[in-house]
Amino acid sequence: MNRYQIVRFSLGVGAVLLSLAAQVQGAPPSRDIKIVLATVLDTVEPCNMMTTNDTGIVLRQNIVESLTQLDPHNGTVLPLLATGWKPMDEAATTWRITLRKGVKYHDGSDFNATAVAAAINRLFSPQLGCRDRIRLFGKNKLTSKVIDPYTIELVSDDPLPLMPSYLAQIGMTSPKMDSVKITQHPIGTGPYELVAWDPSQKLVVRRFDKYWGPKPEVEQATYVWRSEPALRASMVAVGEADIGTAIAMQDANNPKTDFSYLNSETTRIRMLSMAPPLDDIRVRKALNLAIDRKAFIGTVLSPGVLPASQYMMPSTVGYNPNLKVWPYDPDQARQLLKEARAAGVPVDKEIILYGGAHQHANAAEMLEGMVQMWKAVGLNVTLKMLEKVQFGAIRRKPYAENRPPTLFHEQHDNSSGDAIFTMYVYYDSNGQLSDLHDPQVDKLLDEGSRSTGEKRSQLFQDANKLVQQLIPDVMLFHMADEIRVGPRLNYRPNAMTGGKLELKGIKFKM
């Protein structure tokens, strides 16, 4: 037994002995839990919790609640801090929201229409540069009008027919929170309040006893982060932690504690720079045709993942069912590269692929396999793995000038149920994470965002079809995740768990 195994064994024995001692002495069982995450929690800013899953998994509906919530099984909009909503005009630019009474913030402030107005103003604060605002609203602006203490109207520059869904993504922060500086102490109305955060070690939340809803069973939760999936799984196995997220497929070997679920994430390789040879569509086709997607399923990725044809789940409004997953055809890829080379395209030029191990379990192994597949057809791709901070900085605008041909591995959570939450930020010319500049795509997205019903769905389907023809990316998988839950807990993941693990949904078995 090596030193690592001895330490893990000792921790496990210690946990068991402490538990037995408490039972012998008649002490009530602990209602505190520990959750081990895959990556460091380097921000607790609520206006980034939709776009940053590491933040969302801790904050969303635990510390900071939204006006509405989405059913994780079918995407239906349900009440939360809002009890009702209705459009006030045919264009759906003005919505009247009825608010829940008797709700308190952790700092003692009252939740009311004035507080909602302050939260909306904070989201649109130019000093904060909230990523959630950029993804949700783009160029659109949202203003508020207080009708009475528990009624507010929200007015948008452009129509927002899906306003109730948007409200499920916006955190209702305390009116006392700073609207100029990124916060290190988020204050909301949720069932838990932040009591300690050390970015190098852990974050602790404690049950808020003045919570307006049912009292959760978990009294305190401590979040820690470990980059190795095997270590996260081991910590739960020996009783050092109660939940381990993003467990690697090879470590999820206990059917009593390990659960696989389709997690609403979709992965792709984005062409971050269309510098030659990526500016040639034959090269972009070859990048797709060279990948044997099925080879990764059940080997380095969960057997539950599904090859993807577009950057959203099939349940999303605007998903185009007629688009097909790229076939694996290395011979055709070689032929396309041969034609491009003959036409003077610098096919042999080095292409840099950036990846981050924090994206999902076995990400590096998957990317290494893809690099070999590309090299096998004649492409010169070099993999560079980045730490989380570097990874986040390089993928957003403004980009460095004179970038070499660049690929970027990323994944996106579209649990909000509508294509606009994906399409604008990733494919519109003004999107923060878009490298496309196509007027027809922009027009379809603009018209789709203003439409409802079948017309909305069709416009986004048309946009998805056009995007696939332009080939700005290598679409990979709808992801499945593995989670390990300790034996004293009753908890089952759902499609939203990857970005929102609600502590109030955790029960104890005894």
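## Worked exercises on contacts in a predicted model

The side chain of Thr43 comes to 3.2 Å from the backbone nitrogen of Glu45, a polar contact (a pair of N or O atoms within 3.5 Å; within protein, one must be able to donate a hydrogen and the other to accept it, and residues adjacent in sequence count only if both atoms are side-chain atoms). This is a predicted model, in which local features need pLDDT of at least 70 and side-chain atom pairs count only at pLDDT 80 or more, while totals for chains, interfaces and linings use all residues. Residues are numbered from 1 along each chain as its sequence is written, and side-chain values use heavy atoms, with hydrogens and water left out.

### Exercise 1: the disulfide

Which cysteines form a disulfide, and how far apart are their sulfur atoms?

*Step 1.* Look for a pair of cysteine sulfur atoms within 2.5 Å, the cut-off for a disulfide. The structure holds 1 disulfide: Cys47 is joined to Cys130, with the sulfur atoms 2.2 Å apart.

*Step 2.* Check the handedness. The angle about the S-S bond is -85°, and the link of Cys47 and Cys130 is left-handed.

*Step 3.* Cys47 sits in the loop between β1 (32-37) and α2 (53-59), and Cys130 in the loop between α3 (113-123) and α4 (131-137), so the pair ties together parts 83 residues apart in sequence.

*Step 4.* Cys47 is buried at 5% relative accessibility, and Cys130 is buried at 0%.

### Exercise 2: salt bridges

How many salt bridges does a search of the whole structure find? Work through some of them.

*Step 1.* Apply the criterion: a side-chain nitrogen of Lys or Arg within 4 Å of a carboxyl oxygen of Asp or Glu. The search of the whole structure gives 22 salt bridges.

*Step 2.* Take Asp110 and Lys104, whose side chains meet at 2.6 Å, N to O. Asp110 is partly exposed at 40% relative accessibility, and Lys104 is partly exposed at 34%.

*Step 3.* Move to Arg334 and Asp331, where the closest N and O atoms are 3.0 Å apart. These two residues are 3 apart in helix α8 (residues 330-342), so about one helical turn separates Arg334 from Asp331. Arg334 is partly exposed, at 36%, whereas Asp331 is exposed, at 55%.

*Step 4.* Finish with the network: salt bridges link Arg268, Arg270, Arg395, Glu410, Asp435 and Asp473.

### Exercise 3: aromatic pairs and a charge over a ring

Which geometry does the ring pair of Tyr211 and Trp212 have: stacked, tilted or edge-to-face?

*Step 1.* Rings of Phe, Tyr and Trp (its six-membered ring) pair if their centres lie within 6.5 Å; planes under 30 degrees apart count as stacked, over 60 as edge-to-face and the rest as tilted. The whole structure contains 8 aromatic pairs by this search.

*Step 2.* The pair of Tyr211 and Trp212 is tilted, at 5.2 Å centre to centre and 45° between the planes. Tyr211 is buried at 11% relative accessibility, while Trp212 is partly exposed at 26%.

*Step 3.* Tyr311 and Tyr426 make an edge-to-face pair, at 5.0 Å centre to centre and 80° between the planes. Tyr311 lies in the loop between β13 (306-307) and α8, and Tyr426 in helix α11 (residues 420-427), so the pair ties together parts 115 residues apart in sequence. Both Tyr311 and Tyr426 are buried.

*Step 4.* Arg268, a member of the salt-bridge network, also lies over the face of Tyr311, at 4.4 Å from the ring centre. The criterion is NZ of Lys or CZ of Arg within 6 Å of the ring centre and within 35 degrees of the ring normal.

Note on methods. Helix = DSSP H or I, 4+ residues; strand = E, 2+ residues; numbered from the N terminus. Buried < 20%, exposed > 50% of the residue type's maximum accessible area, 1.4 Å probe, protein only.
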